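Subject: Structure handover

Hello,

Here is the structure I promised to pass on. Please open it alongside this message; my notes follow below.

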Amino acid sequence: MNLSLKKYPRKKLKKKSSFINNHLEADIPIHPKLSAIIKKHEGLRLKPYTDSVGKLTIGYGHNLSDNGITLEIATAILKADIDIAMIDARSILKDTYWTLSQDRQWVIINMIFNLGKTRFATFKKLIAALKGTNYTKAAEEMLNSKWAKQVGPRAIELAEIMRNG
């Protein structure tokens, strides 16, 4: 397999402050054959795993232990996770979701982002209070939880938003 990059002109390397560990980042197109052979050899793992030399790794052999991720990747993951939390909020609350103010919707999304769909769904009294439009009770249920003890100021801030809309 010829992996020559002759077709791809070299571009000047520039430092990019958001790149992990002060590496240089090149804005060079990746040849599809190069990408294909690396994918073939590395394999794809969508959950973190420990590689053969003990490094925490994800994706196509991305070494998290030594390299972490870039701000751009972290932002893309954040967006995807918020999208999932929004879908989950609508799934759990059904029509009630659409009766909430945007701020209250965001409180629920924030909680689901933190807790996950399954754990949030156990907040039966909170969900019932939302369905009954009793936002003071909903805020109380938020604060009267193991979650509130775990996240502290986050729960206090979100409960205040829930209470006042």
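Predicted model: local features only at pLDDT ≥ 70, side-chain atom pairs only at ≥ 80, totals over all residues.

Thr57 stands opposite Asn63 in strand 5. Strand 4 and strand 5 pair in the antiparallel sense, over 2 bridges. The two strands form a hairpin with 2 residues between them. Gly61 sits in that turn and has a positive phi of about 75°.

Thr57 also has a partner in the other direction. Tyr49 is its bridge partner. Next along, Thr50 is bridged to Leu56 in strand 4. Strand 3 and strand 4 (residues 56-59) are antiparallel too, here over 3 bridges. They form a hairpin as well, with 5 residues between the strands. The glycine in this turn is Gly54, with a positive phi of about 85°.

Put together, this is an open sheet of 3 strands in the order 3-4-5, with antiparallel pairing. Strand 3 (45-50) and strand 5 (62-63) are the edge strands. Each has a single partner strand, so one side of each is left without a neighbour in the sheet.

Now the helices. Which residues have the most contacts inside the largest nonpolar core? They are Ile108, Met111, Phe120, Leu130, Met142, Trp147 and Met162. The core has 29 residues. Six helices each supply at least two of its residues: helix 3 (71-93), helix 5 (102-115), helix 7 (124-131), helix 8 (135-143), helix 9 (146-151) and helix 10 (153-164). Helix 5 gives the largest share, 6 residues.

Leaving aside residues up to four places away in sequence, Ile108 touches Ala89, Leu93, Leu100, Phe120, Leu130 and Met162.

Ile108 is also part of the packing between helix 3 and helix 5. The two axes are 8 Å apart, and the helices pack at an angle of about 115°. Helix 3 and helix 5 are therefore roughly perpendicular to each other. Their crossing is right-handed. On the helix 3 side, the residues are Leu78, Asp81, Ile82, Ala85, Met86, Asp88, Ala89, Ile92 and Leu93. On the helix 5 side, they are Ile108, Ile109, Ile112 and Phe113.

How do helix 8 and helix 10 compare in direction, and what is the angle between them? Their axes come within 8 Å and cross at roughly 170°. That makes helix 8 roughly antiparallel to helix 10. Helix 8 makes the contact through Tyr135, Thr136, Ala138, Ala139, Met142 and Leu143. Helix 10 contributes Ala155, Ile156, Leu158, Ala159, Met162 and Arg163. Met142 and Met162 are also among the core residues with the most contacts.

Most residues other than glycine have a negative phi. Lys94 has a positive phi, near 50°. Lys94 is found in the loop between helix 3 and helix 4 (95-99). Is Lys94 buried or exposed? Lys94 is exposed, with a relative accessible area of 56%. Thr133 also has a positive phi, near 55°. Thr133 lies in the loop between helix 7 and helix 8.

Best wishes

How values were computed
Residues numbered from 1 in each chain as written. Heavy atoms only, no water. Core = buried A, V, L, I, M, F, W, Y, C linked by side-chain atoms within 4.5 Å. Buried < 20%, exposed > 50% of the residue type's maximum accessible area, 1.4 Å probe, protein only. Helix = DSSP H or I, 4+ residues; strand = E, 2+ residues; numbered from the N terminus. Contact = heavy atoms within 4.5 Å. Pairing = 2+ DSSP bridges. Axes fitted to C-alpha atoms, helices over the stretch in contact; angles between N-to-C directions. Parallel < 35°, antiparallel > 145°, perpendicular 65-115°, else oblique. Left-handed = near helix turned anticlockwise from the far one by under 90°.
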